[in-house]
Amino acid sequence: MKHTWAMAIDLDRCTGCGACVVACNAENNIPVIGEAEAGKNRLMHWIRVNRYWEGEYPEAQAVYLPIPCMQCERAPCELVCPVYATYHNEDGLNAMVYNRCIGTRYCANNCPYSVRVFNWYDYKWEKPLDEQLSPDLTVRSRGVMEKCTFCIQRIRRAKETAAEEGREIRDGEVVPACVQTCPPGALLFGDLADPHSEITRKLKDPRRFRLMEHLGTEPRVVYLKRQKGAGR
Amino acid sequence: MSTEAPRADDHHLAQTDETALFERLSRSNLVTTWKWYLGVAAAGAVLLWGVIVFLYMAMVGMGVTGYNKPVFWGLYEASLVFWIGLSHSGTLISAILRLTHATWRAPVLRGAEAMTAFTLMVGGIIPIIHLGRNWRVYYALPYPSSRELWPNMRSPLMWDAMAITTYLIGSLTFLYVGMIPDLALLRDKSAGGRRKFYSALSLGFRGTHAQWRRYHVASTLFAILIIPIAVSVHSIVSWDFAMAKVPGWHSTIFAPYFVVGAIFSGIAGVVIVMAILRKAFRLERVLTPLHFDNLGKLLCTMTLLWGYFYFTEFLTVWYNRNPEEWEVFSSYAGPYLPLFLTMIVCNFVIPFPMLCLKRVRRSVFLILVPACSIVIGMYAERLLIVIPSLARRNDPFIWANYFPTWVEFSVMAGAAAMFVLLYMLFAKFFPIMAISDIKERLFHTSDRTFGGTTVESIAQVEGEEEAHA
Amino acid sequence: MSTVIVGLFDGVETAARAGRALKGLSLPGGSVTTISAVPLPDGAVVTDPTPVRFPRIVIAGWFVGAAAGLGLTLATYMLYPLVTGGKTIVSVPPTLIITYEVAMLGALLGTLFGGGREMGLLRFPPKVIHDPRIHDGKIALCARVEGDEQARRTIEAMREAGGTEVRAEEGEL
């Protein structure tokens, strides 16, 4: 069965806690780069939580916008890679091939959402922190681009399990780390090709919008507009 | 009105002591001073430093540079555009002046063509320098790999690769073929090892009538071919930016704008190189104020053209106030104000009024002021194109400024030193003046008396049919 | 290997006089030529009867390059097709760009090799006619002759026209 993976982010529920960021870092072998490097704007978060301010003090309100990779249907990043290190796979995901990347960083320049991050150094996990690394995916070398993959290792595992058991993937079986962790349940993941999945139902909501839609990237991440006012 | 036509052997070449002319023009080959050794040593040292720093960067990671998210391209990529832009010098001088039969082109030809070839080599190395995994650059080559993968020709970087390769081969060929008669001359004038060297390089050219005819056709064909290649190369380099979804980059004007900017910086580069050659090799009588005057007039035209293109770009953004682009342009008044002012002042405010004055153009010292100013201004312009658009791109939350570190400065200094070194070595072993073209020009020039005044008359062979008449 | 009469002339006038005289001797066509440090206009001293042919190679090179560029692009698209950016596998505009660049490269190489071949470069025959004094302002007029009678008359004609150092040499013209 052909899948159309998508993510729904309900901005009414997002509290900006950042648990999704931590979960993603833990799941995907993302290094902690330290304060100095973070000060140089080199954060390696595959999902980030944007914070915008609305209004002036003392009525200032923070608005949070979690931004994973949009897995654009017409991904501008795929086009410009000279070596096919990123391409569109059968599941409609934007796949990243680490060992093909030569580090031109053009894909990062062409991503309007700035979701792509670059390995500026060979990051090390000093013992015993190396025991936290997930064996399901690599540790990337310096000079290689990386980005959110919708936890493709979990998608693959679910596909393998379902194939072994001779069935289709059930709705809710594939849960990326961020979706799994989100305390208020703002993130939802599922298969839009399945007409009965929770995400298909959720995305009938009239609050839906996509980020920077005018750029024609056709993202797979759909946001649900924040409607509740201050003091909710 | 009485005019006296000169007779066939009244031309200037017959009145010249050709041996003295040869020695004057070949001073760079025949005489080596301690200054040359010092220059080569200095350039070599800076190049070596650049290579060492580059290897350090390759082994430790690009984190030692100032790059960050979202400014993933910075000094290296701006320098790439700058060096490829400088390479349009020789193309303009050699090709266009050849095709338009500009009578003053001869002394400038070789130096400009050499500048093209070597700036292009520097520009061609930078795409390897700026990679995160330089040692895997061969992935971009179309070869049958064990992964059965091929490069992605949809990427503007692959267009870059094709275009720069073609232009490099073209400009080296252009330079070399242009040198063949001079190499034959050097062969005939030298002995021993040098004779063997020049013999091999001159490929057996002798100067028979049939050879000259075909040589002329080949030179013309090269000139005709190299111009569209040069235009396409810088258009393609501009498309590295114009194809991107980056505010301030995605503009249709980029291709002609970059080509104009390239020719602009190229001519300024030629002025500087010619001034240095003139001083270093005592070519005051060959590179005359007339040449700098004409180059200055071209430079003045290009100043206006560049100003016109830049104003057009600015006008459309200002008028439309598209928020994404407006944020980029607003940053020119903010953290990028110094760069912006440098660009405007150095590209237009200083050069234009100066180049309008004949006194400036005819003075080799004074014309260096606008020329150097333009080179600085164009470098600032390249930086201003690359950095603010990334630093103030679509998502305001991740905006960040960029400043290069000692690593980037060192590597780029090494690249500049590479150009200087290549050029100095070239001038030492190869004829830096187009001796045959200069002789040909003298051969065609005679003095014609118009009543009370005598004017230089330059013969022009327009076509084969007239010659047979 | 043939007999060539070589004479040095001080300028175009004297060389042209000799050229006219040699024309009167009806030597086989294409066997009289000048060697000079600067190109002489066609017809000044001698005319070149053979047309310049290598521009055809340039055009052929352009088409060969275009075919190579087109082939290269299509091959890289189709041998391992990958969807990028929602564009079709065979994307036309990049194909045009790559085809154009390689075509221009083909034309360049055609000019280089075609022109080089027609100029007779890179052939280093054992003995070739040349006189380094052409770089001192002299024009060398060379005539390939067959037989002693032709040689004698050619030498005479050149000497009469004002040629110096008129001699017979064995070599390739």
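The largest nonpolar core of this predicted model has 255 residues, where a core is a set of buried Ala, Val, Leu, Ile, Met, Phe, Trp, Tyr and Cys residues joined through C-beta atoms within 7 Å. Buried denotes 20 or more other C-beta atoms within 10 Å of the residue's own, with C-beta atoms placed from the backbone. Those with the most contacts inside the core are Leu187(A), Phe264(B), Ile267(B), Val270(B), Val271(B) and Leu141(C). Helix H7 (residues 156–189) of chain B gives the largest share, 17 residues; helices (H or I, at least four residues) and strands (E, at least two) are DSSP runs, numbered from the N terminus. Because domain 1 (2–50 + 139–171) and domain 2 (55–119) of chain C both give residues to this core, it lies between them; the domain bounds come from an automatic or database assignment.

Residues are numbered from 1 along each chain as its sequence is written, and chains are lettered from A and ligands numbered from 1 in the order in which they are written. Local features need pLDDT of at least 70 and side-chain atom pairs count only at pLDDT 80 or more, while totals for chains, interfaces and linings use all residues.

Chain C also holds an open sheet of four strands in the order S2-S3-S1-S4, with antiparallel pairing; strands pair if DSSP finds at least two bridges between them. Strands S2 (32–35) and S4 (164–171) of chain C stand at the edges, each with a single partner strand, so one side of each lacks a neighbour in the sheet. S2(C) pairs with strand S3 (residues 139–145) of chain C over four bridges, and Thr33(C) stands opposite Cys142(C) in S3(C).

Note on methods
A residue is buried if 20 or more other C-beta atoms lie within 10 Å of its own, exposed if 12 or fewer, and partly exposed in between; C-beta atoms are placed from the backbone.
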